[in-house]
Amino acid sequence: MQIAKAFGAEVTGVCSTRNVDLVRSRGADHVVDYTRTDFTRTEKRYDVILDNVEAQPPADVRRALTPTSTLIPNNGPGGRRLGPLGRIVKARVLSGFTRQQLKSFLSVPKRQDLLTLTAPLTTGQVTPVIDRTYPLDEAADALRYVGAGHTRGKVVVTV
Ligand SMILES: NC(=O)c1ccc[n+]([C@@H]2O[C@H](COP(=O)([O-])OP(=O)(O)OC[C@H]3O[C@@H](n4cnc5c(N)ncnc54)[C@H](OP(=O)(O)O)[C@@H]3O)[C@@H](O)[C@H]2O)c1
């Protein structure tokens, strides 16, 4: 969200009630509280949706896109059988049947991407949101906390 803002996008963040202020404070132009409003069922249409949760089926999410815009499903674990591969294959196959673009995304650290982020990081336009910090000998607790799926930003293990 912060990166999209830094590069000039008008951004809508979708989160639960407890995170509304956080999301707004990090620059969202609009915030949808998913406990009250289903963003796929409003009149609003988006040019790009980065779906980090995939709580709704892609067909529902695509309703919130314009006919030619882009959906990026980004739920890391993916399905039970194929894991993230299933998400990538599904996006490729569905792309052949619609003018909407379905783009798979696998994060791979790249020097050029990191250099691109230098400016917004230096100016403070992009700042990490750290939820909790754990010492190394509590790494198992850190992983359990992340696994529960309710972190607010990142969890750090100090070494
Ligand atoms: N493609 C890749 O290479 C790649 C790389 C890294 C991570 N990922 C994926 O990126 C996603 C985000 O990572 P993360 O570490 O931030 O993970 P996360 O633990 O899955 O995200 C937790 C956040 O999601 C919120 N949330 C839960 N249900 C929601 C809903 N229906 N709508 C909106 N927000 C909802 C939670 O808020 P509440 O608890 O308040 O609901 C919490 O703040 C994960 O799915 C991860 O697997 C992908």
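A residue counts as buried when under 20% of its relative area is accessible, as exposed when that figure is over 50%, and as partly exposed in between. Keep that in mind as we walk through this structure, which is a predicted model.

Let's start with Pro-58, a residue of helix 3, the helix that covers residues 58-62. Its relative accessibility is 29%, so Pro-58 falls into the partly exposed class. Now look for Leu-102. Along the chain, Pro-58 and Leu-102 are 44 residues apart, yet their C-alpha atoms are separated by 9.6 Å.

As a bit of background, strands of a sheet pair through backbone hydrogen bonds, and they can do so in parallel or antiparallel fashion. Here, strand 3 and strand 4 run parallel and are joined by five bridges. If you want a spot to look at, find Leu-50, which stands opposite Ile-72 in strand 4.

While you're in strand 4, which spans residues 65-73, stop at Thr-70. Is Thr-70 buried or exposed? Its relative accessibility is 14%, and because the cut-off for buried is under 20%, Thr-70 counts as buried. And what is Thr-70 in contact with, once neighbours within four places in sequence are left aside? The list is Asp-47, Val-48, Ile-49, Leu-65, Gln-101 and Lys-103.

One of the pairings to look for is Pro-135, whose bridge partner in strand 7 is Thr-158. To get from strand 6 to strand 7, the chain passes through helix 6 (residues 139-147), and this β-α-β crossover is right-handed.

Take Tyr-34: an N or O atom in its side chain is 2.3 Å from an oxygen atom of the ligand. His-150 also brings in its side chain, with a polar atom 2.3 Å from a ligand oxygen. How much of the ligand does the protein bury? On its own the ligand exposes 920 Å², and the protein buries 72% of that.

How values were computed
Residues are numbered from 1 along each chain as its sequence is written. This is a predicted model: local features need pLDDT of at least 70, side-chain atom pairs count only at pLDDT 80 or more; totals for chains, interfaces and linings use all residues. Side-chain values use heavy atoms; hydrogens and water are left out. Helices (H or I, at least four residues) and strands (E, at least two) are DSSP runs, numbered from the N terminus. Buried means under 20% relative accessible area, exposed over 50%, partly exposed in between (1.4 Å probe, protein chains only). Contact means heavy atoms within 4.5 Å. Two strands pair if DSSP finds at least two bridges between them. A crossover is right-handed if, with the strands pointing away from the viewer, the path from the first strand over the helix to the second runs clockwise. A polar contact is a pair of N or O atoms within 3.5 Å; within protein, one must be able to donate a hydrogen and the other to accept it, and residues adjacent in sequence count only if both atoms are side-chain atoms. Accessible areas come from the Shrake-Rupley method with a 1.4 Å probe; for residues, only the protein chains shown count as cover.
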